[in-house]
Number of protein chains: 2
Amino acid sequence: MLTHCVILVALCLGISTGLPTKETTCDLPQALRDEIQGYKPVVNKIIESIVNGEFKGDTFRSLNTFIDKFGARMAGGPVLEKSIDYLLNEFNTLGLHNAYTEDAIIPHWVRGKESATLLSPRSKDLPILGLGTTVGTPKGGFTAEIVVVESFDELKALPDDQVRGKIVVYAEKWLGSYGDTVAYRSGSVEAAKKGAIASLIRSITQFSIASPHTGSQYYQAGVRKIPTACITVEDAEMLLRMYKSGETVRIHLEMEDYNFENTLSRNTFVEIQGREKKNTSVVVVSGHLDSWDVGVGAMDDAGGCWISWKSVEYLTKLGLVPRRTIRAALWTAEEEGIWGAKHYMTTHKDNEKEEFNLFMESDSGTFDPIGLDFSGTPEAQCIFKEVLTLMEPLNATKFVTPGGGPDINQWVDRGFPGASLINANDRYFWFHHTQGDSMMIENPESLDKGTALFAATAYVIADLSVDLPKDVK
Amino acid sequence: MLTHCVILVALCLGISTGLPTKETTCDLPQALRDEIQGYKPVVNKIIESIVNGEFKGDTFRSLNTFIDKFGARMAGGPVLEKSIDYLLNEFNTLGLHNAYTEDAIIPHWVRGKESATLLSPRSKDLPILGLGTTVGTPKGGFTAEIVVVESFDELKALPDDQVRGKIVVYAEKWLGSYGDTVAYRSGSVEAAKKGAIASLIRSITQFSIASPHTGSQYYQAGVRKIPTACITVEDAEMLLRMYKSGETVRIHLEMEDYNFENTLSRNTFVEIQGREKKNTSVVVVSGHLDSWDVGVGAMDDAGGCWISWKSVEYLTKLGLVPRRTIRAALWTAEEEGIWGAKHYMTTHKDNEKEEFNLFMESDSGTFDPIGLDFSGTPEAQCIFKEVLTLMEPLNATKFVTPGGGPDINQWVDRGFPGASLINANDRYFWFHHTQGDSMMIENPESLDKGTALFAATAYVIADLSVDLPKDVK
């Protein structure tokens with residue numbers, strides 16, 4: 001999951017942003033209420049077939065096979081593209097014939113050998129991970145004194161000559177949420193403005209077992225690009241103590257990271273074509289198929305992809321064809337800056353108002369589902385809330401507004417209805433963008449429930465007699 | 001904490017061993033009960049001074065200074081010896097003049113560059129840590145197929161020709177406790193008997209963020225020594241799935257590890273000499289000063305050392321001189337096989353029955369204290385239990401028997417009274433022997449309470465009119 005749109009992300013992760021949650025008093029026409037409640041039998045059938053019936057455990061097994069086969073799927077590299085080819089073949093094998101890809105231009109950054117070593121006041125290897133799109137150091141690296149700050153304000157208050165030629169270490173605390181903390185990942189900009197030659201940041205997490213967490217960072221036009229990496233929470237705290245105690249702290253940093261020319265990748269789609277509306281009022285269910293190059297990207301975000309496209313598979317196999325098309329979208333190159341989804345918006349902008357009814361996303365883990373967050377007009381909120389009452393067999397009826405997620409917020413921010421999975425993801429950031437993003441985080445029962453929630457919600461919304469109202473700018 | 005004496009260790013960690021806990025019905029003479037309860041005011045004074053008074057936070061601050069200065073203190077290396085010199089100087093500065101060291105012969109194993117790479121069915125870096133005293137691979141390493149087993153039984157059932165020339169991977173589950181699982185760390189022996197050229201084990205932990213856990217392993221006389229390392233829980237599970245699905249799994253393993261000649265180190269002591277008995281009926285409070293070479297050894301076991309020697313400091317500063325000597329012992333080279341404590345037993349064996357009254361140890365974390373486990377005669381148990389009732393202000397009155405710990409079990413097993421800290425260490429094995437053993441695990445309040453418990457208990461036992469009864473074999 002990317003750093004953009006942090007408030008919505010925080011909301012979709014169930015993390016307090018300090019913003020008030022706006023709730024609408026609903027006064028839906030009784031006929032519409034009755035219509036929605038009339039879906040109870042079919043919703044129960046969908047849920048039962050996935051959670052206890054013929055599809056039980058299949059989402060996990062299929063995901064596990066894929067993950068073991070491909071592992072990490074870094075945008076720009078061959079593994080992601082091979083994994084897309086595999087999925088296209090898999091869809092075909094499963095009888096899902098409405099599958100296709102659309103090209104998207106994406107960046108191509110490659111991590112090389114990276115190391116940081118504390119040289120004084122004592123020697124220690126400092127595990128690091130370069131942040132996405134970072135430049136490397138000169139060959140052989142460099143050795144420099146560090147300046148440790150706990151905030152941007154602290155850095156800005158320092159005279160430039162105390163920073164020039166040094167490595168800035170951000171030892172910012174976890175500020176209560178990912179959204180509040182993640183700005184430090186692009187801290188190289190402020191460091192470079194002060195003349196620093198590199199910046200290191202405390203990994204963005206509440207909990208660590210010496211785990212560095214990579215992630216996107218963004219240089220600023222006109223500001224010198226300096227190498228930037230994350231260090232562990234433990235080492236950041238240690239360096240902070242050493243520095244504050246007056247020690248001269250020196251680090252040798254060596255990073256071989258490469259930014260290549262932009263390249264082509266693909267967004268991947270598989271859909272149930274609607275029985276009445278084929279290319280209008282589409283319900284999109286989505287996740288991103290790319291991952292960072294560490295770990296295997298099971299949690300972030302293959303799980304989200306799987307509960308999306310497995311919804312299409314199971315509804316197809318159950319013979320449930322809604323009025324509108326349900327389109328599973330597996331976005332590419334989300335991690336480097338939502339490249340796939342942004343490209344898709346550009347190429348679909350001509351008739352986007354007619355084309356899209358609802359964007360759904362799962363990109364904050366697929367632990368036990370709790371409900372869905374939602375953004376939309378007051379009337380759309382009321383419809384969505386009513387639909388969510390049907391998810392009681394999953395114990396996943398929680399409705400929160402606003403909602404959204406990194407790949408769909410570009411639409412949500414302009415007034416399209418959008419919804420994201422709320423799940424029991426208290427530990428999400430323990431594993432996020434680390435070597436620990438593995439299949440061990442995934443659980444067959446939770447995945448079944450997540451797929452059931454996505455399948456049932458998408459089906460009802462796609463089959464209703466009315467479109468979700470929207471007020472698109 | 002070492003692998004030996006696993007049942008007692010498991011008990012001291014509050015982990016079920018399946019063994020019955022023997023409780024004694026107590027019938028102490030009323031005069032002795034009254035005497036013990038008479039210590040209430042002084043115990044309260046000790047606790048108050050450490051938890052809320054003049055010593056509040058000092059254990060943590062002092063530990064933190066030490067840890068940041070020295071980091072990991074691997075037996076056989078110069079850092080451990082320098083850290084001992086530092087402590088001797090520190091004791092002197094603090095006015096603790098009864099400090100000294102005693103030489104001990106210890107092993108000298110050094111980790112070199114280590115790597116494991118999965119080559120097929122796909123490429124992946126596998127984080128490893130060689131296990132203590134492992135031999136290295138030939139220069140340049142080797143590439144071999146793996147055989148993955150979940151148990152010794154499974155390995156033994158395999159025909160030798162299915163194992164010969166391969167790398168055995170143990171993907172044993174966490175079997176409910178450290179004690180039940182840790183035998184797999186010496187799995188190289190059974191692997192070598194079958195003709196394997198190396199063995200890798202799933203790290204011994206319940207929880208992982210891709211963290212390899214090192215630890216001791218023991219070769220067997222007459223069995224070929226093969227390189228052996230731990231891999232992460234995540235990778236062990238993945239390799240198991242790949243292997244069971246019929247894939248040919250190949251790994252390149254390269255380990256530059258060195259076993260040098262045994263060398264000299266020191267056990268470190270600081271004591272309050274008893275006002276009546278100076279070198280007889282000593283109460284020992286202890287931890288081990290050495291650590292593994294990963295992380296900084298704050299949890300394992302500097303914390304245990306600090307609550308031990310800080311007990312001596314605070315009692316001294318409070319002017320509390322008990323009848324018997326309280327001796328803080330900071331053992332050396334525990335991790336490689338309890339070398340320091342074993343050497344000490346050998347050199348003190350001539351009058352050990354007279355010399356020692358009680359051995360206390362802390363080597364399972366210094367989280368919030370809950371009480372003390374204890375081994376001793378029924379009468380000794382009753383005295384100890386009565387003393388523990390005084391620890392009510394710390395909410396640390398839990399009494400469990402039997403008790404003990406890795407460095408003191410050699411005495412406990414022969415009938416000397418022994419006690420170890422019980423603490424809220426549910427997450428102990430998350431960090432154990434990893435890069436994540438850091439100061440972030442330590443907490444000022446918990447350390448204060450741990451020191452208070454050790455200081456008050458040691459003081460009362462050392463000052464009682466009676467020795468703890470013992471039945472030494």
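Predicted model: local features only at pLDDT ≥ 70, side-chain atom pairs only at ≥ 80, totals over all residues.

Biologist: Let's start with single residues. Why is B:Ala462 called buried?

Modeller: Buried means under 20% relative accessible area. B:Ala462 has 0% relative accessibility, so it counts as buried. This residue is found in helix α16 of chain B.

Biologist: What does B:Ala462 touch, leaving out residues up to four places away in sequence?

Modeller: B:Val283, B:Pro322, B:Arg323, B:Arg324 and B:Ile326. Take B:Ile326: between this residue and B:Ala462 there are 136 residues in sequence, but 6.7 Å in space from C-alpha to C-alpha.

Biologist: And A:Thr232, how do you know whether it is buried or exposed?

Modeller: With the cut-off for buried at under 20%, the 1% relative accessibility of A:Thr232 makes it buried. A:Thr232 sits in the loop between β7 (228–231) and α9 of chain A. Its contacts, not counting residues up to four places away in sequence, are A:Pro127, A:Ser203, A:Ala210, A:Ser211 and A:Pro212.

Biologist: Now a whole helix. What makes α4(B) largely enclosed by the rest of the structure?

Modeller: Ten of its 13 residues are buried, so α4(B) is largely enclosed. Among them are B:Phe60, B:Leu63, B:Phe66, B:Ile67 and B:Phe70. The cover over the buried residues includes α9 (233–244) of chain A, and also α5 (78–93), α10 (298–317) and α16 (444–463) of chain B.

Biologist: How do you know that the span of α5 (residues 78–93) of chain A is close to the expected one?

Modeller: The expected span is 1.5 Å times one less than the number of residues. For the 16 residues of α5(A) that gives an expected 22 Å, and the helix reaches 23 Å from its first C-alpha to its last, so the two are close by definition of that span. Its buried residues include A:Leu80, A:Ile84, A:Leu87 and A:Phe91. The buried residues pack against several elements of chain A, including α4 (58–70) and β8 (250–272).

Biologist: Which value does phi take in B:Ser281?

Modeller: A positive one, near 55 degrees, again in a residue other than glycine. B:Ser281 is in the loop between β8 (250–272) and β9 (282–288) of chain B. At 2% relative accessibility, B:Ser281 counts as buried.

Biologist: What kind of peptide bond runs from A:Thr401 to A:Pro402, trans or cis?

Modeller: Cis, with omega near 0 degrees. The bond from A:Ser120 to A:Pro121 is also cis, with omega near 15 degrees. For background, most peptide bonds are trans.

Biologist: Last one: which residues make the contact of α2(B) with α13(B)?

Modeller: First the arrangement: these two helices of chain B pack at an angle of about 35 degrees, with axes 9 Å apart. On the α2(B) side the contact is made by B:Leu32, B:Arg33, B:Ile36 and B:Gln37, and on the α13(B) side by B:Ile383, B:Glu386 and B:Val387. By class, that is four nonpolar, one polar and two charged residues.

How values were computed: Residues numbered from 1 in each chain as written. Chains lettered and ligands numbered in written order. Heavy atoms only, no water. Axes fitted to C-alpha atoms, helices over the stretch in contact; angles between N-to-C directions. Helix = DSSP H or I, 4+ residues; strand = E, 2+ residues; numbered from the N terminus. Contact = heavy atoms within 4.5 Å. Nonpolar A, V, L, I, M, F, W, Y, C, P; charged D, E, K, R; others polar. Buried < 20%, exposed > 50% of the residue type's maximum accessible area, 1.4 Å probe, protein only.
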